[in-house]
Amino acid sequence: MQRRYITVDVFTDRAFGGNQLAVVLDAGGLSTAQMQAVATEFNYSETTFVLPPRDKANDAAVRIFTPVRELPFAGHPNVGTAFVLASIGSESKPRLLFEEKAGLVPVEIRREQGRVVSTELTAPQPLSRLADVSTADVAACISLTADDIRTDRHAPQVVGVGTPFLVAELHSRDALKRARPDAAAFGRVLPRDGAFSVWFYTREVGAAEAPCDLQARMFMRGSSGFAEDPATGSATVAAAALFAGLDPVRDGELKLTVGQGFDMGRPSILLTRVRKQDGKVVSAHVGGQCVQMMEGTFRLAGEG
């Protein structure tokens, strides 16, 4: 059976920027092991597999795989998969609804002159604030010192809205640039409460990086050692929910523009917003633009 795939660069308006994603269409009949093998073969940070929904009221079931494991939810795979499905679909739906292991994920579609220009997901779960991690431990994971970690707003902590990440703030843009993953420290500190990756950021943004409010990076284990993610929507939206929750008075909407991937030559722009009412976060969102890159078909050995 020939299976169609489309690749996109996510959270960017230009080719060869943002975060790469492979979207496998017509994935029915593939086993979990086969999906994992295909994702490892693509070797992008994530690959999605589009399946018929269990509930016909929804648009698709989507499974998300890194080169080494399946994820219950992730940001750029939802943004990119919705972009692909909306772009190739015959209907001009304003929203797609995906069934995922973390729950239902709504994704809004924005069009201009009939063309899909961006998509925005709503996080499937409320913010979970899990384990605190010492400044020494998180600094060791990214080859910095405890003095590089900023804690006046929040301590390093595992947080998530569907997939957990260890989130930490740095004092400076220079520290963000100097960071490198340390295998021994990763092995000692992570996983922690389901978090396998470190997403870290600074509010110190260079003039050339405007209009970003933050600059971020994310390190994770890949299929052969460590990898850096050019754009991590699920961590970005979890962090934004954390920031909004920490503000004891702000109601309304917190909006942030987050830059990621700048230090690895794949600049990404993530637009996140969090709605807060009566002192509580009621919804968290992240979105951005995408660019279609390649498409083709494959047939696995042994399939008809």
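Let me begin with the aromatic pairs: in this predicted model, the count of such pairs comes to 8. One of them joins Phe-200 and Phe-219 in an edge-to-face arrangement, with 5.1 Å from centre to centre and 65° between the planes. Phe-200 belongs to strand β13, residues 198-202, and Phe-219 to strand β14, so this contact ties together parts that stand 19 residues apart in sequence.

Elsewhere, ring pairs link four residues into a cluster, namely Tyr-5, Phe-42, Tyr-44 and Phe-298.

Rings also take part in contacts with charged groups. Arg-69 lies over the face of Phe-196, 3.9 Å from the ring centre. In a further case, the charged end of Arg-203 sits over the ring of Phe-243, at 5.0 Å from its centre.

I turn now to the pockets. Rolling a probe the size of a water molecule over the atoms shows where empty space is left.

The largest pocket has a volume of about 450 Å³. Its lining comprises 25 residues, and those nearest the centre are Ile-269, Leu-271, Gly-287, Gly-288 and Gln-289. Which strands supply at least two residues each to this lining? They are β8 (115-122), β16 (252-260), β17 (268-277) and β18 (280-288). Strand β17 provides the largest share, 5 residues. By class, the lining of the largest pocket divides into 9 nonpolar, 9 polar and 7 charged residues.

The second largest pocket holds about 260 Å³ of space. It is lined by 24 residues, of which Thr-66, Leu-71, Thr-163, Phe-165 and Ser-197 lie nearest its centre. The elements giving two or more residues to this lining include both strands and helices: β5 (70-71), α2 (75-88), β12 (164-170), β14 (214-222) and α6 (233-246). Helix α2 gives the most, with 3 residues. The lining of the second largest pocket has 11 nonpolar, 9 polar and 4 charged residues.

One element brings the two topics together.

Conventions: Residues numbered from 1 in each chain as written. Predicted model: local features only at pLDDT ≥ 70, side-chain atom pairs only at ≥ 80, totals over all residues. Heavy atoms only, no water. 1 Å grid on protein atoms, 1.4 Å probe; cavity = no way out; pocket = protein on both sides within 12 Å on 5 of 7 lines; lining within 4 Å. Points joined across faces, edges and corners; volume = space filled by probe spheres on them. Helix = DSSP H or I, 4+ residues; strand = E, 2+ residues; numbered from the N terminus. Nonpolar A, V, L, I, M, F, W, Y, C, P; charged D, E, K, R; others polar. Phe/Tyr/Trp six-rings, centres within 6.5 Å; stacked < 30°, edge-to-face > 60°. Lys NZ or Arg CZ within 6 Å of the ring centre and 35° of its normal.
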